[in-house]
Amino acid sequence: MVDTSTVWEPHTVVTDELIDPTPVAALASIFDDGLPTPLPGDELPPLWHWVALPRWAESSQLSVDGHPFRGSFLPPIELPRRMFAGGSVEFRAPLHVGDTTRRESRVESVTEKDGRSGKLVLVTVATTLHGSDGEPAVIEHQNLIYRDSAAPSDARDRPSPDAASAFVPSGAPFVARDDGGWDLRTDPTLLMRFSAATANTHRIHYDWPYATGVEGYPGLVVHGPLMSLALAETHRLSGDSRAISSLSHRNSAPLFCGQDAWLRSEDSDGGRTVSLIGPRGLDAGPHTSIDLQFAD
């Protein structure tokens, strides 16, 4: 699973990066949820650093799946499927749009496991973002899972590339529900725009033949970070003024472009859980969920 013929050691990558207003404005346009666009000098909303600090790899460094070749920062794992599994984030101090932050990233652990669907490798990446005072402002642990591709699904079991339910533009992704939750609508333009805003070149999000024929998915895959960001955005949409001190998020199952999905919130002591429920409903459990903790 991990290519032992290649010499690889974890190492810390330190960069000074602009909290770029351009992709921040792009995400605000993608969400199109009526909230003000964060401008230079404004606080960066929770998790928006995923968009504000994009990393574009050189074209010559891209592998067949669209991601950069493994074996440099990330270990040389031979399993082809890469999935954003979740993680945790601590917010110690706000970051501001237009500021420069020092980012320190390191692969913290690489663990080989036997899962229900076969061999897998769990990689945990630790990242610290520093505020303008040099102190840690955001401390994040992100989990990536690598596994074997599935057999391509039978063409009769997946929608065709021109299926109206998956390819007609759906408009703004957030639609308020009578029960206080939100419907989440996805289409290929949403996925393409989010890929561009986050410098995510993974082909499962925009390349139908690759997603279905090579990695074996039934359609285009909605980004894990997009789902987690949508769940976090419900806090801003609720009008709750409490600051988020920490959160944890977990992606349990993929969501495919055009599938029905809705976001539901449940308050608990000192926090809130927001879940994304897919087309199979509550009984099937959430596709992804996020647990928010608030500052005192």
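I searched the whole structure for salt bridges and found 14. I counted a salt bridge when a side-chain nitrogen of Lys or Arg lies within 4 Å of a carboxyl oxygen of Asp or Glu. The model is predicted, so to speak of local features I need pLDDT of at least 70, and side-chain atom pairs count only at pLDDT 80 or more, while totals for chains, interfaces and linings use all residues. Residues are numbered from 1 along each chain as its sequence is written, and side-chain values use heavy atoms, with hydrogens and water left out.

**R103 and E17.** I looked up this salt bridge and noted 2.7 Å between the closest N and O atoms. R103 sits in strand β3 (residues 100-115) and E17 in strand β1 (residues 13-18), so the pair ties together parts 86 residues apart in sequence. For helices (H or I, at least four residues) and strands (E, at least two) I used DSSP runs, numbered from the N terminus. R103 is buried at 11% relative accessible area, and E17 is buried at 12%. My terms: buried is under 20% relative accessible area, exposed over 50%, partly exposed in between (1.4 Å probe, protein chains only).

**E233 and R236.** Here the closest N and O atoms of the salt bridge are 2.9 Å apart. Both residues belong to helix α6 (residues 224-237), three residues apart, or about one turn of the helix. E233 is buried at 2%, whereas R236 is partly exposed at 24%.

**D240 and R272.** I found their side chains joined in a salt bridge, 2.9 Å from N to O. D240 is in the loop between α6 and β8 (244-251) and R272 in strand β10 (residues 271-277), so I noted a link between distant parts of the chain, 32 residues apart. R272 is buried at 10% relative accessibility. I also saw that D240, R242, D267 and R272 form a network of salt bridges.
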